[in-house]
Amino acid sequence: MIKRIQEIAQEAEQKIAEAKDNEELSKLQILYLAKKSELMSFMAKMKDMNQEERASFGEVMNSVKNKIQTKIDEKRKVLKDLAMEHRLKKEAMDITLPGENYERGAKHLFQKVVDEVSDIFIGMGYQIEEGPEVELDHFNFELLNVPKDHPARDMQDSFYIDETHLMRSQTSPVQARVMLSKNGVGPIKIISPGKTFRRDEDATHSHQFGQIEGLVVDENVRMSDLLGTLELFVKKMFGEKRKIRMRPSYFPFTEPSVEVDISCFECGGKGCSLCKHSGWIEILGAGMVHPNVLKMCGFDTKKYQGFAFGVGIERVAMLRYGIDDIRRFYTNDMRFNKQFHRE
Ligand code: DAH
């Protein structure tokens, strides 16, 4: 019997050494150490032994049992270590490989100009307001003193969505929205940059373009305040030496209306191809807010006056950076976009 026990022990040791995974080990555990295993069945024989035999037999059985269990435990650990090693090898990264390069992004020229203009006006105490790009005809035209069928609508050939909605053709509707939100109580001092849309397409007109609207409503606002404000803006944007001049013009929502020119920053006013040899460059439209507009938007015209202006974002950018075609802002040619990354 002892011989058989030793045989089994030897066989068990060999099988454990050969086991390839935990599943095999579990099977071996059952095969050798379960109650019904051959080895354990010898325990039953102990009851027929005398005390001495029983003691020495018990000792042999115990040591064999412990040895097999120890071997199984050791093997489990070896397998676990191997699995970990394997996983580490599989998941290893080659840190000597060259990494991926991410190019640093930068603002589009359009946004750069919006930010520059906004900074200048924030410095003068203006707040930034936004309005919807899909606008009601009511705000885009009617509250701006352009009733239905008014011929002035022709100046802004528009994209209509239905009878009452259009892609706003100007940022001026933000004027009406802000005034109405104030319930007739001033002051108002805002600018509103954003996208606008018209059915136009050539080198200086794009169906999508940007404007920055300005509006001031307060007591005792005069034309000279408009002049001073725009002069400051132009000097900050185009250089200290710039002069401005106003020419009479027409906008339905301002009276009087003006077109504002700046002295040419290319030739200083002598005349060159940029200013078409006039020494002046047209830069924006402006005027004193029409009393009809103030009234429709809830302001008492005896107490309040206002001025407003609207400047084309791309136009400013084109003049400042010498860009020949407005469509370059929207075709996403990286060779164009990247030129303005550096300050
Ligand atoms: N909305 C005008 C346009 O798109 C620009 C403009 C002119 C805005 C005069 C104004 C203004 O606020 O006072 O042509």
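The legends below describe close-up views of a predicted model.

Residues are numbered from 1 along each chain as its sequence is written, and side-chain values use heavy atoms, with hydrogens and water left out. As the model is predicted, local features need pLDDT of at least 70 and side-chain atom pairs count only at pLDDT 80 or more, while totals for chains, interfaces and linings use all residues.

**View 1. The largest nonpolar core has 46 residues.** A nonpolar core is a set of buried Ala, Val, Leu, Ile, Met, Phe, Trp, Tyr and Cys residues joined through side-chain atoms within 4.5 Å. Buried means under 20% relative accessible area, exposed over 50%, and partly exposed in between (1.4 Å probe, protein chains only). Phe 233, Leu 284 and Phe 309 touch the most other members of this core. At least two core residues come from each of helix H5 (109–123), strand S5 (208–218), helix H8 (223–238), strand S7 (254–263), strand S8 (280–289), strand S9 (305–312) and helix H10 (313–321). H5 supplies the largest share, seven residues. Helices (H or I, at least four residues) and strands (E, at least two) are DSSP runs, numbered from the N terminus. A second, separate core of 21 residues includes Ile 16, Leu 28, Leu 39 and Met 61.

**View 2. Helix H10 has buried residues covered by other elements.** Ile 313, Glu 314, Val 316, Ala 317, Met 318 and Leu 319 are the buried residues of H10. The elements that cover them include H5, S4, S5, H8, S8 and S9. After H10 comes Gly 322, with a positive phi near 65°.

**View 3. Asn 145 lies in the loop between helix H6 (137–140) and strand S3 (165–167).** Asn 145 counts as buried because its relative accessibility is 18%. Its side chain makes polar contacts with the side chains of His 290 (3.5 Å) and Asn 292 (3.2 Å). A polar contact is a pair of N or O atoms within 3.5 Å; within protein, one must be able to donate a hydrogen and the other to accept it, and residues adjacent in sequence count only if both atoms are side-chain atoms. Leaving aside neighbours within four places in sequence, Asn 145 is also in contact (heavy atoms within 4.5 Å) with residues including Pro 252, Phe 253 and Met 296.

**View 4. The largest pocket holds about 1,300 Å³ of space.** On a 1 Å grid over the protein atoms alone, a pocket is an open set of points with protein on both sides within 12 Å along at least five of seven lines, a cavity is a set of points where a 1.4 Å probe fits but cannot get out, and lining residues have an atom within 4 Å of a point. Of the 42 residues that line this pocket, His 205, Glu 282, Ile 283, Gly 312 and Arg 315 lie nearest its centre. S8 gives the largest share of the lining, seven residues.

**View 5. The second largest pocket holds about 200 Å³ of space.** Its lining includes Phe 110, Gln 111, Arg 168 and Lys 195. Two or more lining residues come from H5 and from strand S4 (188–197), and H5 gives the most, four residues.

**View 6. The largest cavity holds about 30 Å³ of space.** The residues that line this cavity are Phe 141, Val 146, Ala 152, Met 155, Gln 156, Gln 170, Pro 252 and Phe 253.

Definitions and conventions
Points joined across faces, edges and corners; volume = space filled by probe spheres on them.
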